[in-house]
Amino acid sequence: MEASTSTAAIPRRPAAFGWARLPALVRYPIVGAVLVAAWHFYAVRKGPLVMATPWQTLEAFWEGWRNGSLSDPTWATLRLLVEGVGIGAGVALILTAFATLSKFGEDVLLFLTAVLNPLPGVAVLPIAMLLFGLNETALRFVIANATIWPIAIALNTGFTTTNPTLVAVGRNIGLTRVRVISDVLAPAALPHAISGLKTAWAFGWRTIIAAELVFGVAGSSGGLGNYINNARQYLLTPQVFAALLTIAIIGVLFETLFGQLERRTIIRWGMKSS
Amino acid sequence: MINRIPRRVRRPAPGDRAGGPLLHVDHVRLGYWTQPGFTVAVEEVSFELDEGQRLIVIGPSGCGKSTLLKAVAGFIQPIAGAIRVSGRMSPPPGADRAIVFQEFDQLFPWRTVLGNVAYPLRINGASRGAAARKARDYLELTRLAHAADRHPHQLSGGMKQRVAIARALALEPALLLMDEPFGSLDAITRQRLQTELNRIVEQTRVTVLFVTHSIEEALVLGDRIVVLGDAPSRVIATVDVRDLGGPETIEYGRMRAKLRELLAVEDEEVEDSGGID
């Protein structure tokens with residue numbers, strides 16, 4: 001008691017430069033400025049063919065989004081990604097529901113996830129190309145495959161760890177087995193579902209860029225990976241960097257989106273601490 | 001037919017029934033599968049529960065009283081014997097036998113207090129408006145109207161149990177099943193909720209089957225007490241405690257002593273779930 005009181009009374013040693021005491025709004029821009037400066041000087045030393053300077057990157061980014069040469073591939077990639085993750089999430093939900101309703105379904109799910117989840121997403125690209133040809137369907141297939149398994153694993157964990165009392169309440173108030181899944185298990189598994197979706201989105205994002213890089217020129221409109229590959233071939237280094245910047249920004253945006261989703265649902269409901 | 005009795009009638013005395021008991025547990029034997037094999041929890045138990053009565057099933061921990069309640073709720077089928085609810089043989093789980101569990105986490109965390117009470121009504125065919133209105137009425141009854149828009153994680157344990165009671169009562173069940181609903185509460189809250197429950201049951205005239213291991217709780221809440229022995233359990237006594245009077249009366253003291261003897265509770269053993277003394 002005595003000891004813990006005295007420990008609590010000792011204030012943290014103030015940082016030498018007071019860095020930790022600066023507000024985040026000051027700290028992050030400083031970090032950013034230092035890194036951008038380092039980038040700039042390194043790029044100047046390396047020469048414009050290998051490294052674009054921050055300014056050149058921004059110019060290419062601005063230009064690309066203004067005339068559509070960068071924004072069109074970005075939208076194409078995002079559309080494919082959303083479609084692929086959508087298909088993946090749907091299949092995952094069906095598989096998990098099936099696994100909840102029957103032992104056989106559970107065995108099928110466990111077997112499939114054990115075999116297919118460790119497979120890197122791009123690895124099935126050759127098969128997809130053989131199956132569907134050089135088109136968007138092949139890409140959708142690859143993304144769906146990359147997202148089904150993390151989502152299914154997360155959903156299944158969420159379903160199986162749902163408090164049995166809640167399920168009993170659901171059946172007690174007269175829910176059918178299917179309604180128990182949609183009205184009790186699904187919302188109860190939401191914390192797992194969201195983290196599964198996060199993982200799936202990250203997998204899908206990496207997979208589609210990689211797949212597009214491998215694909216080269218294909219389909220009606222190339223995606224971001226395609227754009228990078230083209231820019232590299234023509235030594236348009238600023239464009240390569242502008243595409244990377246786009247990818248980074250989209251990543252941050254999605255993080256924020258998921259954060260919002262969590263705050264509005266599971267954090268508000270006390271199912272996850274903020 | 002007997003189900004149509006309007007509320008606010010006199011609680012019927014035992015044997016004062018027209019169409020048979022509301023609940024008939026008839027030589028029931030129950031068990032469940034565990035790791036080593038099949039465990040018989042309830043050897044053979046029989047009792048009847050009439051409409052408007054409050055029946056307490058009491059017994060030592062692990063005597064199978066919760067298993068018995070689950071069987072009445074329709075979650076488990078008896079190995080032998082029969083459970084009849086309003087004449088129906090072992091009906092599947094349904095809102096006519098709404099349950100209040102011991103666990104605080106029996107509320108849906110993603111619904112508000114009002115939503116938790118209204119949602120089962122929606123499932124059972126009420127319109128959105130009617131469900132909300134009725135839910136408000138029952139939250140009023142359990143004195144929770146002020147918390148209607150909160151989420152369960154913002155409530156204390158006692159409030160959560162009151163929401164669960166409101167949710168069960170709003171379904172206007174033929175039989176209210178309670179599985180040690182106050183078992184996880186501190187002594188003061190438990191005592192308050194017992195008093196509260198008595199008031200609510202008086203007001204709604206609901207038929208109650210209540211499982212507990214607390215003698216005090218059984219005496220405070222019950223009309224009749226069925227005492228179970230150790231697992232695999234049988235009924236070792238059935239006592240009528242309706243006209244017992246308050247805890248200060250001699251009869252109450254005698255009954256408590258008798259129950260303690262039946263349950264082999266050491267005289268001064270601290271019965272943590274006690275209420276009144």
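User: Which residues of α8(A) are buried?

Analyst: A residue is buried if 20 or more other C-beta atoms lie within 10 Å of its own, exposed if 12 or fewer, and partly exposed in between, with C-beta atoms placed from the backbone. Helices (H or I, at least four residues) and strands (E, at least two) are DSSP runs, numbered from the N terminus. In α8(A), the buried residues are L166(A), A168(A), V169(A), G170(A), R171(A) and N172(A). Their cover includes α9 (177-188) of chain A, as well as α1 (65-73) and β6 (99-100) of chain B. Just after α8(A), G174(A) has a positive phi of about 100 degrees.

User: How should I treat the numbering and the origin of these values?

Analyst: This is a predicted model, in which local features need pLDDT of at least 70 and side-chain atom pairs count only at pLDDT 80 or more, while totals for chains, interfaces and linings use all residues. Residues are numbered from 1 along each chain as its sequence is written, and chains are lettered from A and ligands numbered from 1 in the order in which they are written.

User: How many residues of chain A are in contact with chain B?

Analyst: Two residues are in contact if their C-beta atoms, placed from the backbone, lie within 7 Å. Here 15 residues of chain A touch 20 residues of chain B. Helix α8 (residues 164-172) of chain A contributes the most to chain A's side, with six residues. For classes, Ala, Val, Leu, Ile, Met, Phe, Trp, Tyr, Cys and Pro count as nonpolar, Asp, Glu, Lys and Arg as charged, and the others, Gly among them, as polar. The side of chain A that touches chain B comprises eight nonpolar, five polar and two charged residues.

User: At what angle do α4(B) and α5(B) pack?

Analyst: Axes are lines fitted to C-alpha atoms, for helices over the stretch in contact, and angles run from 0 to 180 degrees between N-to-C directions. Helix α4 (residues 157-170) of chain B packs against α5(B) at about 15 degrees, and the axes are 11 Å apart. Therefore α4(B) is roughly parallel to α5(B); angles under 35 degrees count as roughly parallel, over 145 as roughly antiparallel, 65 to 115 as roughly perpendicular and the rest as oblique. On the α4(B) side, the contact is made by G158(B), Q161(B) and L169(B), and on the α5(B) side by T189(B), L193(B), I200(B) and T204(B). These residues divide into three nonpolar, four polar and no charged.

User: Where does E180(B) lie, and is E180(B) buried or exposed?

Analyst: E180(B) lies in the loop between β7 (176-179) and α5 (187-204) of chain B. Its phi is near 45 degrees, a positive value in a residue other than glycine. E180(B) is buried, because 20 other C-beta atoms lie within 10 Å. By contrast, S86(B) is partly exposed, with 18 other C-beta atoms within 10 Å. S86(B) is in the loop between β4 (80-85) and β5 (88-89) of chain B, and its phi is near 50 degrees.

User: How is chain B divided into domains?

Analyst: Domain bounds come from an automatic or database domain assignment. For chain B, the assignment gives domain 1 (18-98 + 174-266) and domain 2 (107-172). Between these domains of chain B, 13 residues of domain 1 are in contact with 11 residues of domain 2. α5(B) gives the most to the domain 1 side, with five residues.
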